[in-house]
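Let's take a walk through this model, charged side chains first. Have the structure open and follow along.

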Amino acid sequence: MTTVAVLCDPPREGVLSTLADTSPLTPAECADLYAAMLGDVCRAVETSGGELLVNYRGEEDAEAELRSVVREAVADPDAVRYEVQVGETFAGRAGNTATHLLDGEDVVSVAVVEPTAAFLGRSHVDNAAMKLRSSEVVVGPATRGRVYYAGFTDPVDFEDAYAAPAVETVTDRGLDAGYDVDFLPVLPVVETGSDLAEALSLIRARRRAGRIVPERTTAVLDDLGVTVVAEGADLTLAR
């Protein structure tokens, strides 16, 4: 079983600040969207064969806020594990979490997942777990060289391991350690207005085709009334 650590912040104003600066969404709406994506990601991990660990920034009332979000998303809230992150950077926090679980708790494999990867599904988590049986590192690439999933059976050098382009850096850290590296399909993450335009377009196309969409994320975006507008080759958001 893979322990899947969702590294997250409490869903309050200030989260997804870049999205608030580059889209029509207000900081409060960004917080609502973040909570919805986090819920979809946690539900995907729960329905897979992995163990869900919500790994959060240790701010005042953060655990209570996160428990409230996750409780509404998962079928068995009591099975969810919560731990405070340790580290000054995302790479440091990811490394501390993975190394502690692999070396301190002797888990078989660990994955670090972004809560903004709303399209993450049970099949992706289970596929990664299968790949981790034959490769020490499994990377889930996102758009623009980012990473939404990084799985490990042994620690790597995590210092600055998420330096852009993270997909190359994480891969190189695995190769430098002499490990085999495998990959998952590319999935979007939502951190900027451009990301949201692409994700919203994909959600609406998939829904029209009768395909699975991230339930909570889709519901929040429907309520916000955001639309995608094509400006030449670029996509922008409007209300």
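Which residues does R173 touch, not counting residues up to four places away in sequence? They are V156, D157, F158, E159, D160 and A161, where contact means heavy atoms within 4.5 Å. Before going on, bear in mind that this is a predicted model, with local features needing pLDDT of at least 70 and side-chain atom pairs counting only at pLDDT 80 or more, while totals for chains, interfaces and linings use all residues. Residues are numbered from 1 along each chain as its sequence is written, and side-chain values use heavy atoms, with hydrogens and water left out.

R173 sits in helix α6 (residues 166–176); helices are DSSP runs of H or I, at least four residues, numbered from the N terminus. R173 is buried (under 20% relative accessible area; exposed is over 50%, partly exposed in between, with a 1.4 Å probe and protein chains only). Even so, R173 has no salt bridge, meaning a side-chain nitrogen of Lys or Arg within 4 Å of a carboxyl oxygen of Asp or Glu. Its side chain does reach the backbone oxygen of E159, at 2.5 Å.

Elsewhere, salt bridges do turn up: the whole structure has 14. One of them joins R216 and D40 at 3.2 Å, N to O. That pair links helix α8 to helix α2, across 176 residues. D40 is buried at 6% relative accessibility, while R216 is partly exposed at 22%.

How values were computed. Helix = DSSP H or I, 4+ residues; strand = E, 2+ residues; numbered from the N terminus. Lys, Arg positive; Asp, Glu negative; His and termini not counted. Polar contact = N/O pair within 3.5 Å; in protein donor to acceptor, adjacent residues only side chain to side chain.
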